[in-house]
Each structure stands twice: as C-alpha cells, then as structure tokens.
Amino acid sequence: MRRVLGILMALGWLAGASCALARADAALLVEEPFGEFGAMNPTGHAAIYLNHICAETPTQLRPCREGEAGVVLSRYHRIDGYDWLAIPLIPYLYAVDDPSQIPATATPRLELKMRDTYRRNHLMDLVPDDPRHEIPKGEWIELVGASYDRHIWGFAVSTTSEQDTTLMDRFNRRANISHFNLFFNNCANFSEKVLNFYYPHSIHRNFIADAGMMTPKQAAKSLVKFSRRHPEAEMRTFVIPQVPGTIARSKPVDGVVESVVKSKKYVVPLAALHPFVAGTLVAAYLGDGRFHPDPHAAVYNPAASMEPGEPGSQEPASAGEMTAADYFQP
C-alpha cells in the first residue's frame, strides 16, 4: 500500500513539474518596419504568438501536440479575403519546417526561394500561382520568413488552458472575413482584442501620442504597464533577431506622433509653417510617446528547439557574440 501511495505521489509531483515547465503563454510580437511601405509607415507590424495553440490549417486552430512550438496569429490585408491567418512559429519566422533548415545568412534571392518553396508545399490553396505561373506578388510574403526582413520583439504573459480552449473555440466558430482598415481595424487592433481577452483592459489606445490609432508600440507599452500592476501576468520579454545577410536591416518601431517628430522631411516644414503645431507634437511625444523594448530581453535561439522566452531558449553569449543589447535601438 505504501509503495502504491509513493508511486502516486511521485506521478503527481512529475505532473505538477511538467505543468510548471510547460507554461502556457500569449505573446505580443512587435515587428520592425522594412521596405518601402515601412519607410512611409514606420509603425511596424503586430502579431500574437501562442505556445499551446497550433494550426490545423491557416484558418483552423487546435491544441498543440508534443514537440510543436505553437502558432502565430495576425490580421492581414488582401490575403484571400481572410481577416486572420495562423502559421506555425518556425515557418512564420524562417519559412522552413525544421529549425535545422534555417540558413546562417540570407540573401534576397534565397529568401524568395524559401518563401516560395514553403508556399508551394503548404499554402497553395491560400496563395495560388499567378496566371503566368510565376511567384505571385502581394502581402502573402508576411505569412512566412518574417525574421529575414526584421527584428521582432516579444512580450509574453501567462495564460490558462481554459482560456486557450475558449479562444480556440471562438476563432474556429466565428466568420473569418476581412474588414481590414489601417486606422481602426489593423493588425495592432487584432492583437489588442486577443490580449484583452486574456487580460481585460490590458491594452488601450493613446489619443495623444498616436492620435487615437492603435499601434504595435502602443500595444506593447500598454502591456508592460499592465504587467507592472499585475505581477500574476508573469511577463517575459524576448527578441527574435533578424537573420544576418545582405537583406536590408529593419528600422525601429515608431508611434504615430513619434514618426512625425523624428522625420526631418515632416517636422522641419511643419515647424516652419506651423511652429505651434510642431511644438505640440514634440511635447506629446516627450510627454507620453516614448517607449523602448527591454535591452536585456532573452535572445531567441531556434536551434534550442524551445519557445521564445523560455529558460534555455537562448545560449550564454561568448566573447564576440551579440546580446539583446546589440539589437536594442533606442
């Protein structure tokens, strides 16, 4: 009887330890802007990473199985008419199925080839060939290989299995039809709704620094402030570096007013024509618009086969290796 009791106690301890190690998380991903559109709109992109929810298809969610790293959800514009799409973490970041396939460096040509290979293997129903049988143009490229184009900052908070199940049910049942609007229904608004589901009132707009728009940077700023008041959220921060290579480096994420204040082509003419307006914008930015990611955030190492932000997902930096502070751009 004592032996049976001891075995049961040991099993219970192991189960508890497993739950503690396999913490469920929802993470806000704040992605730096890149390319021509990023130069015009430096607010970047926002997405949600869920480490215990996976994608049965890009439009259907399910619980993760052992060995799966979770899913990235986000709102996109003009991708087959859908409002949101779900892509497994490693393909989303690197356009491959296995971390061992991630190249040490990348070129624009290699990036295009890897994205198209993944599209042909997994996304043909969603992103078919164009009529000339060439690689289609469009925003589908944001679905896979994000880390070739930009640095990504992560802000993870703990969740429960009950919350994850409810979120999956809601996403799987509701209509998935795009109503994208850059000002009122963008990717940051999508992330806002998901995080406010897990932690009500954790994300809110800034009517001064962002003119009432929801931006990725404001979402992160709100979540960090909320976590300081609510330690039960158990926030962890991490950075997913842009893959080295000849692809242009991404730029820091800005808010709406911040992008105007920091751009000479906007603020100098504005100061000359309307100095009061320019002064008001500068005051708004200095007063409530500044926010930067944690320079000591964990640097994600996909070779460790663990989720971003988990203990062990980064290796200690040796002499000459980059740390999170090297990726931090004030």
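Mentor: Let's start with a term: a contact means heavy atoms within 4.5 Å. Among contacts in this protein between residues at least 6 apart in sequence, 68% join residues at least 24 apart. This is a predicted model, where local features need pLDDT of at least 70, side-chain atom pairs count only at pLDDT 80 or more, and totals for chains, interfaces and linings use all residues. Residues are numbered from 1 along each chain as its sequence is written, and side-chain values use heavy atoms, with hydrogens and water left out.

Trainee: Why is the disulfide of Cys54 and Cys64 called right-handed?

Mentor: The torsion about its S-S bond is about 95 degrees, so the disulfide is right-handed.

Trainee: How do you know whether Cys54 is buried or exposed?

Mentor: Buried means under 20% relative accessible area, exposed over 50%, and partly exposed in between (1.4 Å probe, protein chains only). Cys54 has 4%, so Cys54 is buried. Cys64, at 22%, is therefore partly exposed.

Trainee: And what about Cys187, buried or exposed?

Mentor: Its relative accessibility is 9%, so Cys187 counts as buried.

Trainee: Why does Phe184 count as exposed?

Mentor: Phe184 has 64% relative accessibility, so the residue counts as exposed.

Trainee: How many of the 330 residues count as buried, as a percentage?

Mentor: Here 47% of the residues count as buried.

Technical notes:
Disulfide = S-S within 2.5 Å.
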